[in-house]
Every structure is written in structure tokens, then in C-alpha cells.
Amino acid sequence: MAKPLIPRRTTRPKRRLTLAQTQVVLLNKPFNVLCQFSPDGSHRTLKDLIQLPQVYPAGRLDLDSEGLLILTNNGELQHRLANPKFKFPKRYLVQVEGVPSDADLNPLRQGVTLKDGKTLPISAEIIADPNLWQRDPPIRQRQNIPTTWLALTLKEGRNRQVRRMTAHIGYPTLRLVREKIGTLSIKNLAPGEWRLLTDSEKQRLFETLKLK
């Protein structure tokens, strides 16, 4: 069996920057794009989408996940966004195989025990189809088996945590899209599109993370 593809580490910018010097990028990462700038040879990387110098991801999204990725040139901001101890909430839109009931989600709300320990309680709800963009390629959906969309909000970020949690309760994840990190979202960003935060948005982010 082939070993899973593990993205290379990214470099954290070391400079302490002022608010004016700080750049913060919101990217809607497409499916099948690696969260690294160095060439991979077989997959697209962030370099194919963003040409800004000296910005690096704050956290990561797996190759097969989509949605919001924050990048910045500010090392302390990057650290606080990515470090689970700061408990920055992340909201995911998750398409699962099958039709769970609300009661089926209770273990997620209480925390489930995975191989690396018990997860923190999360917010979990069943939602209507969010009418997202078409994924390329489409999900592999088994004939005659319905799917359901969930909204899950986590304050920790273990490796492939969402997928492992939904599998744990018997509903495998088919599609995973990170919609929000805190109050920042992918609203109005098509896959592969990005934008810089405005000065007022940066100010609010600095205040939330208690940065000077």
C-alpha cells in the first residue's frame, strides 16, 4: 500500500511586524492543492495560486480538503492562528455518507476517543445543502446511498481530525470545506481566489489575538 502523501513543512516568518507591515491573505484553497510553496512535481502548490513574497500558511489543509487558508508574513500572528492553545474556532462544512440523526452527532458534541486521545467537545449540526461550487473531480458517491451536510466547529486541529471523527460515528466524510476561521471566511472567494485583509480587518484580528 502506498504511503500517504505528507506535505513538506512550511517556514514560519521570524520578523516581528507592525500592523501596517503585516499582510494577511485569505485563500480559498481548491481540492488537490498542497499547502506549501516548494514544487512537488505531481500536485499544484500555493505557488501556483499566490505570488506574494514572504507569506506563509497559518495552519494547513490536507490535499483533499478545500476552503479557507490564512497566510501571513507576520510570524507571531501565524503562530497564534495555528496554535491550538489559542482555541481559535474553525467551522467546517462536511458532506458525509449516510443520513445521521441529530442524536447521532451527540458523541461529537461530547468528545470522542480517537487513537491520539479524546477530542474536545465541538459544535455539530445538520444543515441544508450549502450550494457550494462543483468540486473537480466530483466526490465518489455510491449509488443509492444518500449524503448529508454537517456544520462542525472545532477549537483544536489534529491531523485529519474531522474525517476521523465522522468515521468514528459511522458516517465517512466525502467532502470537507473549511468555511471560517474565527470571523474570517471564504465568502465571495471562488476556489483559487484570494484577497488581502483591509486595515480595519487586520486591526480586529490583532485585537482578537491580543497582538500589539
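## A salt bridge across the chain

Arg-163 is buried (under 20% relative accessible area, with exposed meaning over 50% and partly exposed in between, for a 1.4 Å probe and protein chains only), its relative accessible area being 13%. Asp-64, at 23% relative accessibility, counts as partly exposed, and it forms a salt bridge (a side-chain nitrogen of Lys or Arg within 4 Å of a carboxyl oxygen of Asp or Glu) with Arg-163, the closest N and O atoms being 3.5 Å apart. This pair links distant parts of the chain, since Asp-64 lies in the loop between β4 and β5 and Arg-163 in helix α3 (residues 161–168), 99 residues apart. Both residues belong to a network of salt bridges that also links Arg-60, Asp-62 and Arg-160.

## Basis of the model

The model is predicted, so that local features need pLDDT of at least 70 and side-chain atom pairs count only at pLDDT 80 or more, while totals for chains, interfaces and linings use all residues. Residues are numbered from 1 along each chain as its sequence is written, and side-chain values use heavy atoms, with hydrogens and water left out.

Leaving aside neighbours within four places in sequence, Leu-81 is in contact (heavy atoms within 4.5 Å) with Ala-58, Ile-70, Phe-88, Lys-90, Leu-205 and Leu-209.

Definitions and conventions. Helices (H or I, at least four residues) and strands (E, at least two) are DSSP runs, numbered from the N terminus.
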